[in-house]
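Please keep the sequence and the model at hand while reading.

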Amino acid sequence: MRPDGAEEIRVFHRCGGCGKKREFLNSGKFRVNANGKNVDVWLIYRCAKCKHSWNLTVYERTRPGKIPRALFEAFEQNDAETARSFGGDMNFLKRNHAEFR
Ligand SMILES: [Zn+2]
């Protein structure tokens with residue numbers, strides 16, 4: 001339980017490694033990739049069984065200037081609190097087609 005009471009949401013996804021629906025765990029790591037003038041940002045989840053990675057889109061082809069500077073730095077530093085807050089964000093998870101059981 002986090003100090004603010006919010007908890008991460010358990011997510012399931014068809015694993016490209018196992019070939020089965022598995023629980024995926026928040027790795028706490030972001031991946032930031034520059035793509036011309038735009039950036040992509042993902043939060044990486046890993047299969048609880050085989051560690052196969054699943055990248056959940058945080059920002060897609062977005063001008064870095066559109067992302068709040070502190071947030072962008074949090075991505076680059078793999079800020080644990082920021083990763084946890086995405087892990088508890090139902091809209092973010094649904095956008096990425098996460099399943100919940
Ligand atoms: Zn797997």
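## Contacts of W42

Leaving aside its neighbours within four places in sequence, which residues is W42 in contact with? The model is a predicted one, and in it W42 is in contact with F30, R31, N55, L56, T57 and V58 once those sequence neighbours are set aside.

## The sheet

Four strands form an open sheet in the order β1-β2-β3-β4, and their pairing is antiparallel. The edges are taken by β1, residues 11-14, and by β4, each of which pairs on one side only. From one strand to the next, the twist averages 40°.

Strand β3, covering residues 38-47, pairs with strand β4, covering residues 53-62, in the antiparallel sense over seven bridges. Within this pairing, the bridge partner of L43 is L56 in β4.

## The nonpolar core

The largest nonpolar core holds 15 residues, and among these V41, W42 and L56 touch the most other members. At least two residues of this core come from each of β2, β3 and β4, while the largest share, six residues, is supplied by β3.

Most residues other than glycine have a negative phi. Against that background, which value does phi of K51 lie near? It is near 70°, a positive value in a residue other than glycine, and K51 is located in the loop between β3 and β4, a hairpin with five residues between the strands. K51 counts as exposed because 11 other C-beta atoms lie within 10 Å, where the cut-off for exposed is 12 or fewer.

The other case is N78, whose phi is near 50°, again a positive value in a residue other than glycine. N78 belongs to the loop between α1, residues 69-76, and α2, and it counts as partly exposed because it has 16 C-beta neighbours inside 10 Å.

Key: Residues are numbered from 1 along each chain as its sequence is written. This is a predicted model: local features need pLDDT of at least 70, side-chain atom pairs count only at pLDDT 80 or more; totals for chains, interfaces and linings use all residues. Two strands pair if DSSP finds at least two bridges between them. Axes are lines fitted to C-alpha atoms, for helices over the stretch in contact, and angles run from 0 to 180 degrees between N-to-C directions. A nonpolar core is a set of buried Ala, Val, Leu, Ile, Met, Phe, Trp, Tyr and Cys residues joined through C-beta atoms within 7 Å. A residue is buried if 20 or more other C-beta atoms lie within 10 Å of its own, exposed if 12 or fewer, and partly exposed in between; C-beta atoms are placed from the backbone. Two residues are in contact if their C-beta atoms, placed from the backbone, lie within 7 Å.
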